[in-house]
Amino acid sequence: MEFPFNINNILKHKITKVKQNLLPEGFSGDRRSAWDHASKISDILDEMGRASAVAQGLQKAITSGERLRNSEHTVYLLIDPEGKSGEGSVVGLLKMGRKKLFVFDAAGAHHEMQPLCVLDFYVHESKQRMGCGKTLYEYMLREENTSPQYLAIDRPSEKFLGFLYKHYGLQKILPQTNNFVVFEGFFTDNPDQKNSGSASLLQSRSTNHLTPESQSRSSPIRLSSETQERYNGLQQTLYGRYAAHRPPSTIGKILQNSGSQQHQHNGMGIRHKFHILENSFM
């Protein structure tokens, strides 16, 4: 992506880490220079964030200069120094941050954790399938001193899931009840794991229910027919907030039963129906 200013004067390395001050890591300069850099980097984040949202089919951007300024997240920006006739162009964006999550393991127990999460990942369409995404992702893994299986991923696109399978062999998803995806191996010696009161779902009062039997069968990623052919015909599954089975509504059962009994004993009428409901909540 090209901008109306010299990218190489703002982002002096092929990959630059940016935090909430909107300045390149290692920046040195006076106040005027700092304001100029921060303003231009904010513009870069706004445009790349919008492009990422469009690519993922999101209604609004999840990355912008203002959002980064008001968070503790980190953005990695990948550039092509030779782009735009030597002025440079921005190729990729990768946003990372920690989120407090309740994560379900393969046995059906939940763990309160604050893992490192992939919050946004985008490579410009003109530079895809050229190794740019892998370069950016590998740089992040080194900087964050982590491994791919230890990351929680916020609403990954189908392309991103295919990327993770192709380069890191991440295939089997542990179903969750939120938007985040974690893979088999997430809990294996994960340095972020905090055993702060994990509990079996069979003993919890959660509205979502994951049985040990269903959890033990970690779910392979869902891909389109074209992508499935490229990645060895992986089985389809649901992930994120739609992964967990939800039990039938208790109220629905009561109403259904009461309606059935009313039909069978029509003479009892509405008074009988309300009597059933009253008894059900005692």
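**Cores and strands in a predicted model**

Q: Which residues have the most contacts inside the largest nonpolar core?
A: Leu 94, Val 118, Phe 121, Tyr 137 and Leu 164 do, in a core of 26 residues. A nonpolar core is a set of buried Ala, Val, Leu, Ile, Met, Phe, Trp, Tyr and Cys residues joined through side-chain atoms within 4.5 Å. Buried means under 20% relative accessible area, exposed over 50%, and partly exposed in between (1.4 Å probe, protein chains only).

Q: Which elements give two or more residues to this core?
A: Strand 2, strand 3, strand 6, helix 5, helix 6 and strand 9. Helices (H or I, at least four residues) and strands (E, at least two) are DSSP runs, numbered from the N terminus.

Q: What should I know about the model and the numbering?
A: The model is predicted: local features need pLDDT of at least 70, side-chain atom pairs count only at pLDDT 80 or more, and totals for chains, interfaces and linings use all residues. Residues are numbered from 1 along each chain as its sequence is written, and side-chain values use heavy atoms, leaving out hydrogens and water.

Q: Back to Leu 164. What does Leu 164 touch?
A: Tyr 137, Ile 153, Gly 169, Leu 170 and Phe 183, not counting residues up to four places away in sequence. Contact means heavy atoms within 4.5 Å.

Q: And which residues does the second, separate core include?
A: Leu 22, Ile 44, Leu 68 and Ile 79 are among its 22 residues.

Q: Now helix 6. Which of its residues are buried?
A: Helix 6 spans residues 158-168, and Phe 160, Leu 161, Gly 162, Phe 163, Leu 164, Tyr 165 and Tyr 168 are buried there.

Q: What do those buried residues pack against?
A: Strand 6 (116-123), helix 5 (132-144), strand 7 (152-154) and strand 9 (180-183).

Q: What follows helix 6?
A: Gly 169 does, with a positive phi near 70°.

Q: New topic: strand 2. How many of its residues are buried?
A: Seven of seven, over residues 74-80. Thr 74, Tyr 76, Leu 78 and Asp 80 are buried on one side, and Val 75, Leu 77 and Ile 79 on the other.

Q: Which sense does strand 2 pair in with strand 3, parallel or antiparallel?
A: Antiparallel, over seven bridges, with strand 3 at residues 89-98. Two strands pair if DSSP finds at least two bridges between them. Thr 74 stands opposite Met 96 in strand 3.

Q: What about strand 1 and strand 2?
A: Strand 1 (residues 15-18) pairs with strand 2 in the antiparallel sense over four bridges. Ile 15 stands opposite Leu 78.
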